[in-house]
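These are my notebook entries on one structure. I record what I looked up, entry by entry.

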Amino acid sequence: LFRSVPVEARFADGEREVVLFGASKVTIVEIASGTRREIAAPDVTALEISGPIAYWIDRKGALWKLDLAGTVPLQVPVDEPVHDLAASPDGRWIALAGANHLLVADRTQPAQPPTPVMTGDTRALAWSADSLDLGALVGDSLIRVRMEGEPDIVFRRDVGRRTAVAATKAGLYTAGPTGVVVRPDGPAR
């Protein structure tokens, strides 16, 4: 399947398929039958599954999507290069880390371009398990975006150069080079 190339995998279609990516292709494997389909996808750097769609970013920062039943990926227009993405657990939202903005795309509105939420270099993304809160590190700020209706920033705090974020019902957690985890946000609800 892939020889001597680092490969990552994601479950899809209710765990009936596995999507593998590495080298210059995306491979979709039906678990029950072992049937494989290969899709040309040069330089995939990150891939997430949202519902029946695989989204990925290439080395140039372009965003792509592929209906897992299809064979032809489509480039999603984004006004800036993106370097990371995170799908919400409910499959509705795709958070995008851009060099100049935090963006979110609503999968239920595929004709709409991704919406800029905040200006700044986005370094980390994390969804709460209920998909209502997105935590992100943007510039030196930790933010929480509430995803009820339109995305709305409900919390922002300068935290310096942190490297990781987690979003839970209890609030936001972040960690940095010192290894200290802080909880700067109060209860989410």
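What volume does the largest pocket have? I found about 220 Å³ for the largest pocket. A pocket here is an open set of points on a 1 Å grid over the protein atoms alone, where a 1.4 Å probe fits, with protein on both sides within 12 Å along at least five of seven lines. Its volume is the space filled by probe spheres set on the points, which are joined across faces, edges and corners.

Entry on the model. I note that this is a predicted model, in which local features need pLDDT of at least 70 and side-chain atom pairs count only at pLDDT 80 or more, while totals for chains, interfaces and linings use all residues. Residues are numbered from 1 along each chain as its sequence is written, and side-chain values use heavy atoms, with hydrogens and water left out.

Entry on the pocket lining. I counted as lining any residue with an atom within 4 Å of a point. The largest pocket is lined by 16 residues, and Tyr55, Lys65, Val76, Pro110 and Gln112 lie nearest its centre. Strands S6 (53–58), S7 (63–67) and S11 (101–106) each give two or more residues to this lining; strands are DSSP runs of E, at least two residues long, numbered from the N terminus. I sorted the lining into 11 nonpolar, 2 polar and 3 charged residues. Nonpolar covers Ala, Val, Leu, Ile, Met, Phe, Trp, Tyr, Cys and Pro, charged covers Asp, Glu, Lys and Arg, and the others, Gly among them, are polar.

Entry on confidence. The chain has a mean pLDDT (the predictor's confidence in each residue, from 0 to 100) of 88, and 91% of its residues reach 70 or more.

Entry on two residues. Is Lys25 buried or exposed? I placed Lys25 in strand S3 (residues 25–30), and Lys25 counts as buried because its relative accessibility is 19%. Buried means under 20% relative accessible area, exposed over 50% and partly exposed in between, with a 1.4 Å probe and protein chains only. I looked next at Pro177, in the loop between strand S18 (171–175) and S19. Pro177 has 74% relative accessibility and therefore counts as exposed. From Pro177 to Glu80 I noted 97 residues in sequence and 28 Å in space, C-alpha to C-alpha.

Entry on the whole chain. I found 0 helices and 19 strands. Buried residues make up 48% of the 189 residues.

Technical notes:
Helix = DSSP H or I, 4+ residues; strand = E, 2+ residues; numbered from the N terminus.
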